[in-house]
Amino acid sequence: MRILHTSDWHIGRTFHGVDLLSDQAQALAALADLVAERRVDVVVVAGDVYDRSIPSADAVAVCNAGLEAIRAAGAVIVATSGNHDSPVRLGAGAAFAAEGGLHLITRVSQIDRPVLLDDAHGTVAFYGIPYLEPEITRAELGVPEARSHAEILGAAMDRVRADARARDVRAVVLAHAFVVGAEASGSERSISVGGVETVPASAFDGVDYVALGHLHSPQTVAEHVRYSGSPLPYSFGERTHSKAVWLVELDAAGRADVERVDLPVVRGLSRLTGVLDDLLTDDAHAAAEDHYVSAVLTDAVRPLDAMRRLQSRFPRAVHVEWEPPAATSTVTYRQKVRGRTDLDITRGFLTDVRSEPSARELRWVQQALRDVDRAAGVGTEQTAAPGEASA
């Protein structure tokens, strides 16, 4: 049996406020193409199908179109819920969906009720372990004293192993968890709510393959325990990741031959650093013109209207920050302001964080300082602003 391990679709997610549905539709279409090209039997989705518990109508439409394309390409789909999903909403109509080849495992009561699929060697049981919050699921799992994810997942896997032994089948587990030894990418939401969030890889002993979800980069925890990662990057920290899925082939004994298949890049991410005028003119940045761009501006003075100007060359610029060249002086703040008037200090502050204030702005500042002194009953003398005589 040939299985395509995916996870963390996060349909409906935005990227720095930018709608990603078009990119996500392309990513799901690429998965469907891969199913047809590699003659995949089963596609598993190990949680976080959606990015929020109540997805938008457009997100549902994109997700449904992707599922339909994968099914039309010839694969049965088995999915479980992650910490971003609503188990009730994702699992609504699960019995009807299963008749069409989409199996949704979102409830604790389904953990030891696998999806059974046959190949030339017999039966493979697919067990789904949705994201299990200890406070909510410990009683139903029969471990009322459990507080950590490790204890909860251990109880769930005990059910899985017992059922797999009784059926004498090859077993594949889908789980949404943070396994010790794996590395987060920074775009995941923490799954720790009142307990320790990590679980040991040994918790998954006794099954043939474990398709993990939650972490967004593809990685191998053990030969039979892997994360596929998300099909798209969801933070600039992932800009160097090569997104991928695992193509898993089970033989008669359940041994898994696992192949990494890199996914096409839908749209690149670039982090640019430099003076704004250089970023707008340097040919070295031409490749980033169609990317999502995060820019760090190193101008000595904060540029005005920086985002609009960036987007004139990089239409998908989504983030900008200003980091002026670091001062090398070791003079303390107290030394810097000693002997300077309030107006001089305010003027210096405005120049540092924005630009040199105009004469009109300085007159406003001077009047404000006078009003403050008057209210406090202080009679201090301020240096005159340009174009105005001293008081």
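1. S294 sits in strand β18, residues 292-297. Strands here are DSSP runs of E with at least two residues, helices are runs of H or I with at least four, and both are numbered from the N terminus. S294 has 1% relative accessibility and therefore counts as buried; buried means under 20% relative accessible area, exposed over 50%, and partly exposed in between, with a 1.4 Å probe and protein chains only. Setting aside residues up to four places away in sequence, S294 touches F236, S270, R271, L272 and H319. Contact means heavy atoms within 4.5 Å.

2. This is a predicted model, in which local features need pLDDT of at least 70, side-chain atom pairs count only at pLDDT 80 or more, and totals for chains, interfaces and linings use all residues. Residues are numbered from 1 along each chain as its sequence is written, and side-chain values use heavy atoms, with hydrogens and water left out.

3. Confidence comes next. The protein chain averages a pLDDT (the predictor's confidence in each residue, from 0 to 100) of 89. At least 70 is reached by 90% of the residues. Over residues 192-196 pLDDT stays under 50. The model has eight contacts beyond four places in sequence for residues 192-196.

4. A46 belongs to strand β4, residues 42-46. Its relative accessibility is 0%, so A46 counts as buried. Beyond four places in sequence, A46 is in contact with T6, S7, T80, A175, H176, A211, L212 and G213. S22 is 24 residues from A46 in sequence and 22 Å away in space, C-alpha to C-alpha.

5. The largest nonpolar core has 31 residues, of which I129, V173 and F204 touch the most other members. Such a core is a set of buried Ala, Val, Leu, Ile, Met, Phe, Trp, Tyr and Cys residues joined through side-chain atoms within 4.5 Å. Helix α6 (149-167) is among the elements that each supply at least two residues. α6 gives the most, with seven residues. I129 touches, among others beyond four places in sequence, L153, A156, M157 and V160. A second, separate core of 30 residues includes L31, V43, A94 and V261.

6. Helices α1 (residues 21-38) and α2 (residues 57-72) pack at about 10 degrees, with axes 8 Å apart. Axes are lines fitted to C-alpha atoms, for helices over the stretch in contact, and angles run from 0 to 180 degrees between N-to-C directions. The helices are therefore roughly parallel, a label for angles under 35 degrees. Residues of α1 including L28, L31 and V35 meet residues of α2 including V62, G66 and I70.

Key:
Angles under 35 degrees count as roughly parallel, over 145 as roughly antiparallel, 65 to 115 as roughly perpendicular and the rest as oblique.
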